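This report concerns one protein structure and its helix packing and pockets. Please keep the sequence and the coordinates at hand while reading.

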Amino acid sequence: MKKFWKWKNQTVLNQDNQEEIPERTLYLNGQIAEESWFDDEVTPQIFKDELNAGSGDVTVWINSGGGDCVAAACIYNMLADYKGKVTVKIDGIAASAASVIAMAGDKVVMSPVAMMMCHNPSTYAFGEKVDMEKAIAMLDEVKASIINAYERKTNLSRVQIAHMMDAETWMDANKAVQLGFADEIIGEIDPDIPVSNSMYSETVITNSLTSAIAKKCRIDPPEPKNEEPNNTIPADSLMSRLNLMKNWRN
């Protein structure tokens, strides 16, 4: 399996006491596991061995659109159980399964231009009605486990989180901090500059866009003209015809 994580270990000088301390950085980029970690004992163990190979605090940089929820659950548990402090920094995107991993951080920090997204889990299923029902029940349980991670970090209600997942919700850094998915934003923001706490729902955006297109493309019917019906003849015209007929007979 191609590793989607990378470690960078170095020693830095503590400016407070001038002591050398280990600095451990973990990078999670791209898809979280090209293959599922389900029924895989080797790959998760490799990740765990590398995590526990050193000591001290760990900084985890995340830029991932998500992937395998089983791998994400394993990594979440390992980071949450780690003895040192774990700081998660999102510099691009933490979507789907990657957002679950982010919840393991003791502190979650986002770039002002980063995004976070949560949605419902999905799977493939084949078979008869009973098999489909089993798949649905399994997805319900997976969703409940994901809500556990979000709830622990944000303190939002399970119902609110479930609705956010149903709508496939995208959050910018400000909204993520406001809702508790993140704790800080990288860099300082001028307090005099108004901030839009944006949260994007795919359903709402789609409906809004559809309405805008429909309004733009709508062809309004022409205004009715104040014309007399085709089966009527103006009085003056009728009189002219009668006169013409009278002269013709004479």
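The structure is a predicted model.

**Helix packing**

Two packed helices are described by the angle between their axes and the distance between the axes. For helix H1 (residues 42–51) and H2, the axes come within 11 Å and cross at roughly 20 degrees. Since angles under 35 degrees count as roughly parallel, H1 is therefore roughly parallel to H2. The crossing of H1 and H2 is right-handed. On the H1 side, Pro44, Phe47, Lys48 and Leu51 take part in the contact, and they meet Ile75, Met78 and Leu79 of H2. By class, this contact of H1 with H2 holds 6 nonpolar residues, no polar residues and 1 charged residue.

Helix H4 (residues 129–154) and helix H5 (residues 158–166) form the other pair, with axes that come within 10 Å and cross at roughly 120 degrees. H4 and H5 are therefore oblique to each other. H4 passes H5 in a right-handed crossing. From H4, the residues in contact are Lys143, Ala144, Ile146, Ile147, Asn148, Tyr150, Glu151 and Thr154, while H5 contributes Arg158, Ile161, Ala162, Met165 and Asp166. The residues of the contact of H4 with H5 comprise 7 nonpolar, 2 polar and 4 charged.

**Pockets**

| Pocket | Volume |
|---|---|
| Largest pocket | about 330 Å³ |
| Second largest pocket | about 280 Å³ |

Lining the largest pocket are 17 residues, and Gly67, Cys69, Pro121, Ser122 and Val142 are the closest to its centre. Helix H2 (69–81), helix H3 (97–102) and H4 each supply at least two residues of this lining. The largest share, 5 residues, comes from H4. By class, the lining of the largest pocket divides into 10 nonpolar, 6 polar and 1 charged.

The second largest pocket has a lining of 15 residues, with Glu23, Asp57, Val58, Thr59 and Thr87 nearest its centre. The elements that give two or more residues to this lining are strand E2 (20–29), strand E3 (58–64), strand E4 (86–95) and strand E5 (107–110). E2 gives the most to the lining of the second largest pocket, with 4 residues. The residues of that lining are 6 nonpolar, 3 polar and 6 charged.

Definitions and conventions:
Residues are numbered from 1 along each chain as its sequence is written. This is a predicted model: local features need pLDDT of at least 70, side-chain atom pairs count only at pLDDT 80 or more; totals for chains, interfaces and linings use all residues. Side-chain values use heavy atoms; hydrogens and water are left out. Axes are lines fitted to C-alpha atoms, for helices over the stretch in contact, and angles run from 0 to 180 degrees between N-to-C directions. Angles under 35 degrees count as roughly parallel, over 145 as roughly antiparallel, 65 to 115 as roughly perpendicular and the rest as oblique. A crossing is left-handed if the near helix is turned anticlockwise from the far one by less than a right angle, and right-handed if clockwise. Contact means heavy atoms within 4.5 Å. Ala, Val, Leu, Ile, Met, Phe, Trp, Tyr, Cys and Pro count as nonpolar, Asp, Glu, Lys and Arg as charged, and the others, Gly among them, as polar. On a 1 Å grid over the protein atoms alone, a cavity is a set of points where a 1.4 Å probe fits but cannot get out, and a pocket is an open set with protein on both sides within 12 Å along at least five of seven lines; lining residues have an atom within 4 Å of a point. Grid points are joined across faces, edges and corners, and a volume is the space filled by probe spheres set on the points.
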